[in-house]
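Morning, everyone. I'd like to walk through one structure today. Here it is on the screen.

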Amino acid sequence: MHAFKAVLWSFLGVRRKDEYEADTRRLTPQAVIAAGLVAAALFVLALYGVVQLVTR
Amino acid sequence: MSAAAPAHDHGHGHHDDHAHAHPTGLKRWLFTTNHKDIGTLYLWFSLAMFFMGGTMALLIRAELFKPGLQFLNPEFFNSLTTVHGLVMVFGAIMPAWVGFANWLIPMQIGAADMAFPRMNNWSFYLVVPAAILLVASFFVPGGAAASGWTLYPPLIIQQGIAVDMTILAVHILGASSIMGSINIITTILNLRAPGMTLMKMPLFVWTWLITAYLLIAVMPVLAGAVTMLLTDRHFGTSFFNAAGGGDPTMFMHIFWFFGHPEVYIMILPAFGVVSAIIPAFARKPLFGYASMVYATASIAILSFIVWGHHMFTVGMPAAGNLFFMYATMLIAVPTGVKIFNWIATMWKGSMTFETPMLFSIGFLCLFTIGGFSGLVLAITPVDITLHNTYYVVAHFHYVLVSGALFSIFAGVYFWLPKWTGNMYNEKLGKLHFWLSVIGFNLAFFPQHFLGLAGMPRRIPDYALQFAEWNMWSSIGAFIFGFSQLLFLYNVIECIRSNRKSEQMPWEGADSLEWTHLPTPAPYHTFETAPVIK
């Protein structure tokens with residue numbers, strides 16, 4: 001869950017300093033990469049959903 | 001990061017130079033496995049290719065100085081635009097970044113060398129025959145490839161042996177890039193000094209780590225695309241031939257799935273260099289280090305889902321066009337975060353404006369213009385109007401010249417004292433910057449107007465209404481081109497001069513190569529890893 005939160009903030013490209021410091025303590029690279037891949041897939045699906053909504 | 005005084009005991013420079021005598025002369029450069037030597041080779045190679053590609057650019061601009069055909073026949077003109085693009089992308093910008101990576105990554109993470117030194121040597125010596133193939137293709141029957149750097153079929157299928165030489169060159173360069181990337185990733189992940197956690201690494205190391213993953217992901221895609229071209233040309237396949245059941249549009253999809261991340265391969269290391277220079281000359285730590293790392297990763301992921309914006313006009317369904325339009329516009333978010341972070345770093349800093357800082361600020365202003373014109377082109381209906389016009393040419397030169405190239409200049413001036421032990425001539429450096437920035441803007445800003453007025457790219461002749469701005473563009477290009485001779489002079493003069501650099505020529509620099517190593521960096525560094533607190 002923490003990994004997902006960090007990845008979602010990374011999509012925006014910003015992160016609060018205390019939360020980032022907590023991230024560095026509790027997250028493993030594997031969890032971040034897995035969350036990143038899932039979040040990227042969800043992002044593509046979300047965009048696709050918006051496109052479907054607009055073109056309907 | 002530790003700000004300890006230079007610990008010469010980590011350097012071991014003179015002691016080691018005597019203990020393990022290394023070959024000199026030609027042998028040193030041919031057989032070298034030293035990351036600094038290989039970095040130097042890459043940098044000189046890319047400078048040579050930069051002048052080669054630059055000469056082609058000036059021939060193009062000389063032809064376009066006024067309407068009508070002046071010096072070149074149209075076929076040769078097309079070859080020039082094609083090979084100029086290939087040489088600048090694969091011969092100048094990318095090898096320059098690999099040169100920086102070789103020099104800096106081991107020193108910035110406290111490693112003694114790259115993880116695979118012999119493969120490192122091989123990576124470099126692969127790019128030389130590739131460059132020779134590209135340049136020699138001008139002299140074979142039929143002339144060099146003339147399809148544009150994108151190598152689109154069916155045009156590319158019809159040409160002579162030069163295309164095969166180009167395909168082979170692309171294959172070799174791809175192999176070199178993949179080997180280089182494996183080396184860089186392994187070095188960063190396995191050879192960091194104790195205490196150098198991932199989130200303590202300088203941004204340049206981070207940006208190269210992400211770039212290396214991008215390279216490994218997309219280079220095989222390009223190799224696949226050009227292999228299919230090769231078999232379409234010689235072995236009777238019809239991957240891209242509609243008459244045989246293939247589809248030329250498929251090539252465009254495959255090419256741009258490589259091509260768009262390629263843009264980020266060229267620009268992410270630039271972000272790293274600028275992130276080192278701006279804090280040093282603002283005398284403040286980089287604002288939002290973590291968000292810079294996150295934004296870089298985010299840009300890298302997004303770069304894989306926007307390729308369709310290069311081909312809005314080929315007739316994708318509306319849903320496809322909309323998807324790529326939305327995804328492309330969203331890249332502006334993490335990129336904007338970076339721009340704001342650099343500005344926030346400068347905010348209330350004690351800034352000075354030596355040449356590296358000037359080029360970095362030039363990068364910041366002009367790359368932003370390139371980013372904005374990219375947003376304009378991301379809007380599908382606008383792109384359908386502007387596709388294949390000079391607006392696109394202006395856009396990507398703002399991204400790649402004032403983006404990637406300016407930051408390469410910034411980086412060279414910044415690290416020349418560390419590399420050579422001598423200080424460059426500041427006055428000449430500033431003159432180089434101002435001539436470059438004026439020449440560049442004069443060359444490329446009017447191309448926005450030409451594109452908006454409808455002038456198509458890749459033509460040797462044009463209608464009379466485009467004459468005025470083309471003249472100015474050519475004048476700017478010649479100012480820009482010839483001012484690069486000043487850069488060459490400045491680098492050589494610096495190497496040969498006796499103006500010894502101070503240990504810390506830039507008081508705000510804080511990465512290991514400045515804080516833990518003498519200036520110039522000795523041949524062997526960090527044989528004993530430093531401990532980072």
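A word on terms before the fold. Helices here are DSSP runs of H or I with at least four residues, strands are runs of E with at least two, and both are numbered from the N terminus. Keep in mind that this is a predicted model.

Start with chain A. Reading along its sequence, you get α-α-α. That is 3 helices and 0 strands. Is chain A a compact globule, or more spread out than one? It is more spread out, because its radius of gyration is 14 Å, well over the 10 Å that the globule rule gives for 56 residues. The box tells you about its dimensions. Along the principal axes, the C-alpha atoms of chain A fill roughly 45 × 20 × 15 Å. And burial? Of the 56 residues in chain A, 20% are buried.

Now the interface. On chain B, 19 residues are in contact with 18 residues of chain A. Which helices of chain B each supply at least two residues to that side? Helix 11, helix 12 (318-330) and helix 13 (332-346). Helix 11 of chain B gives the most, with 7 residues.

Let's zoom in on one helix pair. Helix 1 of chain A, residues 2-12, packs against helix 11 of chain B, residues 289-302. Their axes are 7 Å apart, and the angle is about 80°. Angles of 65 to 115 degrees count as roughly perpendicular, so helix 1 of chain A is roughly perpendicular to helix 11 of chain B. Who makes the contact? From helix 1 of chain A, W9(A), S10(A) and F11(A); from helix 11 of chain B, Y294(B), A297(B) and S298(B). By type, the residues of this contact are 4 nonpolar, 2 polar and no charged.

Last topic, the cores. The largest nonpolar core has 172 residues. Which of them touch the most other members? I93(B), I277(B) and A410(B). Helix 10 of chain B, residues 248-282, brings the largest share of this core, 22 residues. Take I93(B) up close. Leaving aside residues up to four places away in sequence, I93(B) touches M88(B), M266(B), L400(B), A404(B) and L405(B).

There is also a second, separate core, of 5 residues. Among them are A6(A), V7(A), F11(A) and A35(A).

Notes: Residues are numbered from 1 along each chain as its sequence is written. Chains are lettered from A and ligands numbered from 1 in the order in which they are written. This is a predicted model: local features need pLDDT of at least 70, side-chain atom pairs count only at pLDDT 80 or more; totals for chains, interfaces and linings use all residues. Axes are lines fitted to C-alpha atoms, for helices over the stretch in contact, and angles run from 0 to 180 degrees between N-to-C directions. Angles under 35 degrees count as roughly parallel, over 145 as roughly antiparallel, 65 to 115 as roughly perpendicular and the rest as oblique. Two residues are in contact if their C-beta atoms, placed from the backbone, lie within 7 Å. Ala, Val, Leu, Ile, Met, Phe, Trp, Tyr, Cys and Pro count as nonpolar, Asp, Glu, Lys and Arg as charged, and the others, Gly among them, as polar. The radius of gyration is taken over C-alpha atoms; the globule rule is 2.2 Å times the number of residues to the power 0.38. A residue is buried if 20 or more other C-beta atoms lie within 10 Å of its own, exposed if 12 or fewer, and partly exposed in between; C-beta atoms are placed from the backbone. A nonpolar core is a set of buried Ala, Val, Leu, Ile, Met, Phe, Trp, Tyr and Cys residues joined through C-beta atoms within 7 Å.
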